[in-house]
Amino acid sequence: MAVQHGTIPPPALQQRTPSLSKKQWAGLILGAVLFALPFFFNIPGLEAPGQRMLSIFLLAIVFWILEPIPLTATAVLVIFLEVILLSKGAIVDPTGGVEALKETVLPASDYFAALANPVIILFLGGFMIAHGAEKFGLDKNLAAIMLRPFPDKARLTVLGLMLITALLSMFMSNTATTATMFAVVIPILRTLPPGKVRAGVALSIPLAANVGGIGTPVGTPPNAIAIGALAEYGIKVSFVQWMLLAVPFMLVVLVFAWLFLCVAFIPSETRISIAMDASWDTSSNAKLFYAVAGLTIALWMSEPLHGISSNIVGFFPVVALLSLKVMKGKDVQALDWPVLWLVSGGIALGTGVGATGLDDWLVGSVNWKVLGPMMILALLGLIGFAMANVISHSAAANLLVPLAVSLAITLSEPSPMLIAVIVAIACSLGMALPISTPPNAIAYATKEITIPQMAQVGLVVGTVATLLLIFVMPSVWTLLGLL
């Protein structure tokens, strides 16, 4: 029905703007106030470009924590503000007329480049493979095949579910993996008696998805943020190198999580019966996808042999799948672009913090050397874990990783790579609440889990894993010659 000019459309056609909550209004106001402060008050020891970057940094902190606008919107706002306030194309000279500061002013293209950073291309390739796996049913078929060896004893079946979820999450997004596995698990839940057993089985999926994502550079955004932050300082981390650091830790945490679930939720006599049949798509497009995905993963895993960067390999499935018409424009549209832009915002934030000298000022404001290397790791790791329980893992990593790497550059130890890996992984271990991570939200939506149950498991597993990460893994990695 046409709406006449000048008339008010009926309610069904009116588009209402969602109102902000009190928390969001507080975030909007606080963010604006903190953004304005460095423009009105001179900050001792911080030059004009650094003061402008501090404004952007404070705004990002508040907006990523209180979310008055979407996380992705904050990420692109960071890039936009850096371009108009800090770059050579800024609306007002960012140097304040000081000739010596002109070297700190980057061209606008350096900030825009965060949107096409090699790490973003790596993630883009991972997303293409993940979407194709869902499109052609590869994820469910793999789950069906891998579950066959596990008997009907509930504890062993849950172990199988967790191993499969973790494996898929290493190469697919945690959210997509969780959604896929719950398609398998929900019919199983209905056959179980209400209570702790159902909750334990339901909790096993988000736990394994969150932990499994730690294993590869494409598993979860904090990994990409850490690799991107290190690349800003010329420190390259290969696909295999990350896996050698992360996979052993991931497996230990996964086993601990399974044992805890068994003790707390799943009696030893409980049985689960799963009947799953693999139904492979044998179309020509599906076969081409299997070949491209298999070759991409093989190239990622063999990077030390052929020397081709994992970022370059990540672009291969994008080009191949589109050129072979296995995927089309609608498939590209379906990719998780908000996550890519969120990671870009973190990379751009790190670029600005480093270029303007804000990192030196922030690092210099605390006598970190008094704390000692282990205390620094413990402080940053625990802050990352705590923050990631109440805000997005990506947002927590975006805020902490660039600063942590900048700090490590100025110190003899801990090394930049160690501190980046610790903080990034710690940010992936925050999983105590439904708001902590999308897999938790999906699991909570099944109504099989209460918030106290999720908090109990998330805090126990997350805290133990974080302490292991901080106090044990650095020695293990050093002993194995990985750092």
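Reader: Which helices each supply at least two residues of the lining of the largest cavity?
Author: In this predicted model, helix H9 (196–212) and helix H23 (451–471) each do that.

Reader: And which helix gives the most?
Author: H9 gives the most to that lining, with 4 residues.

Reader: OK, what residues line the largest cavity?
Author: The lining is made of Leu203, Pro206, Leu207, Asn210, Met431, Asn440, Met454, Val457 and Gly458. By class, 6 of these are nonpolar and 3 are polar, with no charged residues.

Reader: What volume does the largest cavity have?
Author: About 40 Å³.

Reader: How many cavities of 30 Å³ or more does the count come to?
Author: The count comes to 1.

Reader: Back to H9 and H23. At what angle do they pack?
Author: They pack at about 45 degrees, and their axes are 11 Å apart.

Reader: Why do you call that oblique?
Author: The angle is about 45 degrees, and angles under 35 degrees would count as roughly parallel, while 65 to 115 would be roughly perpendicular. H9 and H23 are therefore oblique to each other. H9 passes H23 in a right-handed crossing.

Reader: Which residues make the contact?
Author: From H9 you have Ala199, Leu203 and Leu207, and from H23 there are Gln453, Met454, Val457 and Val461. That contact has 6 nonpolar residues, 1 polar and no charged ones.

Reader: Switching to pockets. What's the volume of the largest one?
Author: The largest pocket comes to about 550 Å³.

Reader: Which residues lie nearest its centre?
Author: Ser392, His393, Ser394, Thr437 and Pro438, out of 31 lining residues. The lining divides into 17 nonpolar, 11 polar and 3 charged.

Reader: Which helices supply at least two residues there?
Author: Helices H3 (71–86), H5 (118–135), H8 (174–190), H10 (221–231), H16 (337–355), H20 (393–410) and H22 (438–445) each do.

Reader: One more pair: how do H7 and H11 pack?
Author: Helix H7 (residues 154–171) and helix H11 (residues 239–265) meet at an angle of about 155 degrees, with axes 11 Å apart. Angles over 145 count as roughly antiparallel, and H7 and H11 are therefore roughly antiparallel to each other. H7 passes H11 in a right-handed crossing.

Reader: What's in that contact?
Author: H7 brings residues including Arg155, Leu159, Met162 and Phe171, and H11 brings residues including Phe239, Met250, Trp258 and Cys262. The contact of H7 with H11 divides into 18 nonpolar residues, no polar ones and 1 charged.

Definitions and conventions:
Residues numbered from 1 in each chain as written. Predicted model: local features only at pLDDT ≥ 70, side-chain atom pairs only at ≥ 80, totals over all residues. Heavy atoms only, no water. Axes fitted to C-alpha atoms, helices over the stretch in contact; angles between N-to-C directions. Left-handed = near helix turned anticlockwise from the far one by under 90°. Contact = heavy atoms within 4.5 Å. Nonpolar A, V, L, I, M, F, W, Y, C, P; charged D, E, K, R; others polar. 1 Å grid on protein atoms, 1.4 Å probe; cavity = no way out; pocket = protein on both sides within 12 Å on 5 of 7 lines; lining within 4 Å. Points joined across faces, edges and corners; volume = space filled by probe spheres on them.
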